[in-house]
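Trainee: Please take one part of this model and go through it closely. I would like the contacts spelled out.

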Amino acid sequence: MRAARFRSWGSAPVVNEVAEPTRAAGEVLVDVQAAAHLDTTVANGTLDLKPALPYTGGVEGAGIVAECDAGSGLEPEDQVMLRGGGLGLRRDGTWTERVSVPTKAVTRLEAPLAPEVAAAFFVPATTAFVVLHDVARLGEGEEVIVVGAAGSMVAQQARLAGAEVTGVVGRAEQLAALPDGVTGVCLDSTEDLDRLAADRPAPLLVDTLGGDGLVARTRWVRPGGRAAVIGYVTGTEIRVDLPSWLLDDVALLPVNMIRQERRAREAAGDLVKRLSAGELRVAVQKYALADAALALEDLRAGRSWSRSRSGERAWPHAW
């Protein structure tokens, strides 16, 4: 079988033939249909956590159960999601044709999904659910401003919850990618941004960009409101003038999805059903396994969606 493996830190993955995995007791053998998300900090060798080289990347995936223990709650031919158990971090990951993983890293899907969606949905969909319902505690009929809203799971789920949603995008051509029912605003429209700052129309802002502009964006929120931060793709630092912040009276809410993993898994089943029914959609950019090096090159060059550990944007690439 084939796998995309890293032979040195910071290098491109090489696709070659490897030995078939042998399933141990307490593990599940899965035929991988699609693999998603690489932890680039691991691949670059910049994280203390370093699997033994060479290693197979990929911390998430989806596939079909080939073999499993009796009493595991799984059956052959079940469609499953792969996540956890050290996949792609402490042990070989999902960028391969078959993998044997601990049972705890395997979740049977509640409804059928396209393989690439099954591999990529978890981080964006569950993060959106947690930020809206657990962290920000979205109220019925509230208005929400979502920054980085093109195709956004936050915007989609806020609409499903009955919220009025303003979606902010970086470029005019991204307006067409906004979910149905979302009012579009472009960051290069001075008139629209001035209106948001003057009206402060919403009690909630969900921000995926971070960086220097975050504080200014919190001023689109009415006094007493809140701003939930789930990403930092435009920068990791902000400067807060405390007197101005106190007068603005907007609470900054961090979203730590590492701490929310259990809650995310609880929410995943219903989200799978909504994805299967077409109520939610995940945009996926697909690569063939043979093009794993190109996929990583595009990710590192910023030609594809990026993901921070607390961010809403997953790397929704799959093969």
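Mentor: What follows covers a pair of packed helices, then a glycine in a strand. The model is predicted, so local features need pLDDT of at least 70 and side-chain atom pairs pLDDT 80 or more, while totals for chains, interfaces and linings use all residues. Residues are numbered from 1 along each chain as its sequence is written, and side-chain values use heavy atoms, without hydrogens or water.

Helix α3 spans residues 122-135 and helix α8 residues 261-276; helices here are DSSP runs of H or I with at least four residues, strands runs of E with at least two, numbered from the N terminus. Their axes come within 9 Å and cross at roughly 105° (lines fitted to C-alpha atoms over the stretch in contact, with angles from 0 to 180 degrees between N-to-C directions). The two helices are therefore roughly perpendicular (65 to 115 degrees). On the α3 side, F122, A125, T126, F129, V130 and D134 make the contact (heavy atoms within 4.5 Å). From α8 come E261, R263, A264, R265, A267, A268 and L271. By class, this contact has eight nonpolar residues, one polar and four charged (Ala, Val, Leu, Ile, Met, Phe, Trp, Tyr, Cys and Pro are nonpolar; Asp, Glu, Lys and Arg charged; the others, Gly among them, polar).

The glycine is G167, in strand β10, residues 164-169. G167 has a relative accessible area of 0% and is buried (under 20%, with a 1.4 Å probe and protein chains only). Beyond its neighbours within four places in sequence, G167 touches V146, A149, L178, V182, T183, G184 and V185. The C-alpha atom of V154, 13 residues away along the chain, lies 9.7 Å from that of G167.

Definitions and conventions
Angles under 35 degrees count as roughly parallel, over 145 as roughly antiparallel, 65 to 115 as roughly perpendicular and the rest as oblique. Buried means under 20% relative accessible area, exposed over 50%, partly exposed in between (1.4 Å probe, protein chains only).
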